[in-house]
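The entries follow the order in which I went through them.

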Amino acid sequence: MGADLPRYARIMIPSPLKDVLVYGIPAEIRDRVAPGMRALVPLGKRTVTGIIADILRESPIAETKDILRLPDDQPVMDADLLELVRWTAQYYLTSFGEALRTMLPPGLKTETRQLVTLVGDPSDVCGTWEKRIIEALKLRKTPASLKALRRHVASREFERALARLRSAGIVEVRERAPGKRRGPKGSSPGAGPAAAPENVVLTAEQKRVLEPIQRRLAQGGFEVFLLHGITGSGKTEVYLRAIEQTRVSGRRSLILVPEISLTPQLLAHLQARFPGTVGVLHSALTEAERRNEWRNISRGS
């Protein structure tokens with residue numbers, strides 16, 4: 001039965017890489033792998049997180065590295081999102097990785113950091129470059145990133161010197177996901193107290209502009225409407241009525257706001273009209289908040 005399971009995966013890395021990369025699937029995870037799942041994979045000297053685009057029984061290349069592990073039990077992207085990545089890359093003449101990068105929230109596109117720690121007695125170290133590495137570690141008094149240490153020592157002998165220190169048990173290299181940055185307190189604009197929904201009576205002009213929008217929503221298909229009016233003319237209520245009709249038909253709506261400062265007032269209207277079903281994403285949220293909202297939206301909640 002295990003022989004029937006796929007042995008390879010094509011993985012998109014959220015970076016400017018031109019091609020999708022092929023990795024082997026270790027036997028112990030072959031029954032769990034599915035398109036849309038995150039996978040931790042080696043890339044050069046780094047370990048990065050990619051998204052499994054599809055799975056294969058045979059590899060198109062002779063030699064492959066293996067997936068290191070799967071961070072999740074379920075896919076984080078469904079078939080529609082994976083197809084959107086492919087379409088975006090082809091339409092805008094960019095790489096799959098760049099298209100993917102725009103769709104993933106912070107925290108899902110993780111690249112691990114390699115940290116070097118002094119763990120043994122360095123008193124017997126006599127090599128010049130080994131000593132330079134030890135001096136740099138003592139100066140920092142904390143684990144140093146491999147990248148920073150490589151810059152500090154700046155020698156072709158660095159890798160060999162580090163390998164000798166590791167084999168002697170003097171230093172240890174570990175991988176760790178980067179720490180999540182916390183946003184400043186109060187940086188995330190809240191919605192404020194949500195006003196209670198009112199039985200708004202549409203004006204004749206609002207009815208006139210709403211009718212063709214509602215007809216198109218009922219018919220389906222794509223069409224663009226430009227709603228023009230001064231501040232306070234009632235455009236928001238037209239949007240809300242269109243969203244209501246969309247919800248009744250079992251679909252969802254996406255509202256793009258041109259500036260974060262405009263979010264709280266609109267959010268109050270939306271939460272009053274559609275309590276418990278409104279998500280918000282903007283750059284002033286912490287990485288954890290944006291990741292949670294992204295997950296809630298992808299689950300349809």
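**Entry 1: the cavity**

My search ran on a 1 Å grid over the protein atoms alone, where a cavity is a set of points at which a 1.4 Å probe fits but cannot get out, a pocket is an open set with protein on both sides within 12 Å along at least five of seven lines, and lining residues have an atom within 4 Å of a point. Grid points are joined across faces, edges and corners, and a volume is the space filled by probe spheres set on the points.

I note that this is a predicted model, in which local features need pLDDT of at least 70 and side-chain atom pairs count only at pLDDT 80 or more, while totals for chains, interfaces and linings use all residues. Residues are numbered from 1 along each chain as its sequence is written, and side-chain values use heavy atoms, with hydrogens and water left out.

The largest cavity has a volume of about 30 Å³, and its lining is made up of Ile11, Met12, Ile13, Leu17, Asp19, Val20, Phe96 and Gly97. I sorted this lining into six nonpolar residues, one polar and one charged, counting Ala, Val, Leu, Ile, Met, Phe, Trp, Tyr, Cys and Pro as nonpolar, Asp, Glu, Lys and Arg as charged, and the others, Gly among them, as polar. At least two lining residues come from each of β1 and α2; helices (H or I, at least four residues) and strands (E, at least two) are DSSP runs, numbered from the N terminus.

**Entry 2: helix α2**

I then turned to α2, residues 96-103, where Gly97, Ala99, Leu100 and Met103 are buried, that is, under 20% relative accessible area, against over 50% for exposed and in between for partly exposed (1.4 Å probe, protein chains only). Down the axis of α2 the buried residues fall within an arc of 160°, so they line one face of the helix; the arc is that of the directions from the helix axis to the C-beta atoms. Their cover includes β1 (8-12), β4 (46-56), α1 (79-91) and α9 (287-298).

**Entry 3: the nonpolar cores**

Which residues touch the most other members of the largest nonpolar core? Among its 17 residues, they are Val116, Ile133, Leu149, Leu162 and Val171, a core being a set of buried Ala, Val, Leu, Ile, Met, Phe, Trp, Tyr and Cys residues joined through side-chain atoms within 4.5 Å. Two or more residues of this core come from each of α3 (128-140), α4 (146-153), α5 (158-167) and β7 (171-176). Apart from this core lies another, of 15 residues, including Ala9, Ile11, Ile13 and Ala39.

**Entry 4: the pockets**

The largest pocket has a volume of about 2000 Å³ and is lined by 50 residues, of which Ser253, Leu254, Gly279, Leu281 and Ile297 lie nearest its centre. I find that α9 gives the most to this lining, with seven residues, and that the classes are 25 nonpolar, 13 polar and twelve charged.

The second largest pocket holds about 1500 Å³ of space, and of its 41 lining residues Lys235, Thr236, Tyr239, Leu240 and Ile255 lie nearest the centre. Here α7 gives the most, with nine residues.

Key:
Contact = heavy atoms within 4.5 Å.
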